[in-house]
Amino acid sequence: MSIMATHAFSMNGRLWAELRESNDSGSAEIARMLHRLDGIERFSFILWRLPEGRPLDQTSPETEATEYMQSAGSFREMTVEVRRIGESGPEHLVVGRPRNWVDDPDEPVTITWSEHEVVVARHEVFTADAATPLFAAYYKTGSVLPPYSLRPLRDNEVGSQG
Amino acid sequence: MDRGDGRDIYGRFTGRGGYGSSGEALGLSEYERLTGNVVIAQHIRVTLPDGTSRLYDGLSPQSDGTFEGIEVKSGTASRNAQQRAFDDPVNSGTQARGRLNGVDIAISSVRVIRVP
């Protein structure tokens, strides 16, 4: 059985490692990394599908990892974003859970990570447990599937370059 | 590179921190600190059944008693053809053997990590 890595992940946006999974779900190591986020020493996680047939050391994530899923914050409260490149150019999107008006009052939540913060809606806040199946599905399909919602990141939250 | 808002030009979260200098030892320690994967920073010669051998930058114990070979690459460095020719069968199920502090060990997978 080949266990060649198909994905790489980054912690804190600097160290990149091949994602090592013994099954197809990709969820065990993803879950472990998401649970390690404390918002201070370990504040972000990026999942990137490696180019076909190229191991991590033959890539340059700094310039090639332009489509990805990422989270920032802590295992208790994190934001999850996806960047993808379509026919009209790059899209940077914030992921949300199905909105539940009883459990998710319409009030903003500030997610802090490292020395930064971002404000999202309550239904866009994930725990590590809640984010794991989202990342696992992205690992398997490269997409964010219903019932999750997506909204464009606001201009003052991020710039846009292809 | 951080744009000053904790993201790089592609919107990826970067935050503060980083490496004052690059290198294998720092890469291994950062890998252990960030991922929680235990790393033994020893260069151990391991051998495939066909007799070819290789050194890894570090070893990480696995739950099944085998070890994962850790190869650190910084900057634009990549593995050479001999290293890849060794790693591919290991990652496909052929265990490499070596001795760690006098104990026979098996390497059952290889993981590449990149640091700036």
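Reader: How many residues of chain A are in contact with chain B?

Author: In this predicted model, 38 residues of chain A are in contact with 33 residues of chain B.

Reader: Which elements of chain A supply at least two residues of the side that touches chain B?

Author: There are β2 (15-18), α1 (27-36), β3 (44-49) and β4 (68-73) of chain A, each of which supplies at least two residues of that side. The largest share comes from β2(A), with four residues.

Reader: And by class, what does the side of chain A that touches chain B have?

Author: That side of chain A has 17 nonpolar residues, 12 polar ones and nine charged ones.

Reader: Back to β2(A). Which strand of chain B do bridges join to β2(A), and is the run parallel or antiparallel?

Author: The strand is β6 of chain B, residues 103-115. Two bridges join β2(A) to β6(B), and the strands run antiparallel.

Reader: Which residue in β6(B) is the bridge partner of A:W16?

Author: The partner of A:W16 in that strand is B:R114.

Reader: Let us turn to the largest nonpolar core. Which residues touch the most other members?

Author: This core has 61 residues, and A:L34, A:L47, A:F135 and B:I113 touch the most other members.

Reader: What does A:L34 touch, leaving out residues up to four places away in sequence?

Author: With those left out, A:L34 touches A:F45, A:S71, A:F75, A:A128, A:A131, A:T132 and A:F135. Of these, A:F135 is itself among the core residues that touch the most other members.

Reader: Now the chains themselves. How many helices and strands has chain A, and in what order?

Author: Chain A has three helices and nine strands. From the N terminus on, the order is β-β-α-β-α-β-β-β-β-β-α-β.

Reader: What are the corresponding elements of chain B?

Author: Chain B has two helices and six strands. Its elements run α-β-β-β-β-α-β-β from the N terminus on.

Reader: What share of each chain counts as buried?

Author: In chain A, 43% of the 162 residues count as buried. For chain B the figure is 39% of 116 residues.

Reader: Of the contacts between residues at least 6 apart in sequence, what share joins residues at least 24 apart?

Author: Among such contacts, the share is 62% in chain A and 47% in chain B.

Reader: Finally, what box do the C-alpha atoms of chain B fill?

Author: Taken along the principal axes, the box is roughly 50 × 25 × 25 Å.

Methods:
Residues numbered from 1 in each chain as written. Chains lettered and ligands numbered in written order. Predicted model: local features only at pLDDT ≥ 70, side-chain atom pairs only at ≥ 80, totals over all residues. Buried ≥ 20, exposed ≤ 12 C-beta atoms within 10 Å, placed from the backbone. Contact = placed C-beta atoms within 7 Å. Nonpolar A, V, L, I, M, F, W, Y, C, P; charged D, E, K, R; others polar. Pairing = 2+ DSSP bridges. Core = buried A, V, L, I, M, F, W, Y, C linked by C-beta atoms within 7 Å.
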